[in-house]
Amino acid sequence: MVSWVIMVVSLAIGVYFFKRASKKAEAQAQFLMQIGTAPFVRKKLNQRFTGYVLCLDAMRYPKSQADTDRIFQWIKNTGHHFFVFDAPSVFSDDQTIANDLQVEFLPALVPVKEGAPVGEALFIPSAHPQLVQMVENFVLDTGRKLIA
Amino acid sequence: MKTTMIVLEWILSVGVFGLYYKSSTQKLRNPYSFVRVVDDYQIFSLRMTSVLAPILSVTELLAGIWLVLPWTRLVGAVIGSLFQILFMILMIKNLGKTFPNGCGCFEMNSPKTITGKHVLLNFVILVSLAFIIVSHFMGWEAFQWNF
């Protein structure tokens with residue numbers, strides 16, 4: 001009797017977890033589809049893009065989406081151009097993008113002037129308590145180089 | 001002898017539960033990554049894999065929970081053994097292969113690059129589960145199966 005109760009209760013919990021995981025996977029897939037693909041990033045760099053590029057690692061750091069929204073809002077207010085992509089999937093499609101942007105760690109924010117990186121990229125650890133503050137300081141420091 | 005076997009069975013059950021719990025919750029926290037990793041094995045279509053991967057993660061969690069509870073231990077051990085056999089077949093088939101989407105986050109049964117070490121770890125888990133099943137039929141288990 002006890003066995004049956006445990007089985008039924010745990011199966012119900014299992015169905016709940018399955019539904020939740022399926023929904024989350026779908027949301028993650030949609031998020032990845034919305035952000036830049038390899039041809040999009042290549043086109044931007046070839047068009048001598050100037051601004052900030054946020055290279056995410058959405059697979060390893062699923063919380064990147066929330067961080068992106070916060071960083072995106074802040075950079076948008078500074079007037080700088082900005083775009084986001086999932087680095088592992090883009091780099092596996094076009095390795096030259098990784099070389100061009102000189103990204104060593106992920107996730108990273110890269111200041112780019114006329115299609116080439118300016119200075120070192122900022123490594124953005126997801127769990128950093130003052131993430132936005134860190135990005136603010138970085139953008140204030142590097143922003144002048146992009147305008148000059 | 002019987003007491004030793006019961007203690008050993010408990011140690012193995014709790015140990016495998018710990019591994020299954022850690023592995024499955026990691027997959028459930030980042031489900032799309034696991035979908036992509038399973039898709040790398042190229043067994044089913046991506047659509048089918050999107051359904052199958054969360055089922056695998058949840059079944060792994062349930063197998064772990066059933067293993068640690070004495071009343072459902074045999075079911076947990078049988079499901080776990082089937083899991084291990086499946087993982088080992090897939091791993092041996094893909095030995096040495098590096099997955100393009102492998103993030104290295106599901107090291108136990110879906111690593112970035114499959115090595116002999118990963119197959120061995122899964123084999124050790126299979127042997128532990130086999131011991132639990134045998135101990136049930138030998139009458140060594142702490143609680144009798146009472147379905």
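## Residue K145(A)

K145(A) is partly exposed, having a relative accessible area of 44%; this class lies between buried, under 20%, and exposed, over 50%, with a 1.4 Å probe and protein chains only. The model is predicted: local features need pLDDT of at least 70, side-chain atom pairs count only at pLDDT 80 or more, and totals for chains, interfaces and linings use all residues. Residues are numbered from 1 along each chain as its sequence is written, and side-chain values use heavy atoms, without hydrogens and water.

Helix α6 of chain A, residues 131-147, contains K145(A); helices are DSSP runs (H or I, at least four residues) numbered from the N terminus. Apart from neighbours within four places in sequence, K145(A) is in contact with K113(A) and V118(A), contact meaning heavy atoms within 4.5 Å. E114(A) is 31 residues from K145(A) in sequence, and their C-alpha atoms are 11 Å apart.

## Interface of chains A and B

Contacts join 24 residues of chain B to 23 residues of chain A. About 2100 Å² is buried between the two chains, with carbon and sulfur atoms giving 74% of this area; the value is the accessible area (1.4 Å probe) that two parts lose on being put together, summed over both.

## The chain B side

On the side of chain B that touches chain A, the elements giving two or more residues are α1 (2-29), α2 (31-40) and α3 (46-68) of chain B. The most comes from α3(B), with seven residues.

Conventions:
Chains lettered and ligands numbered in written order.
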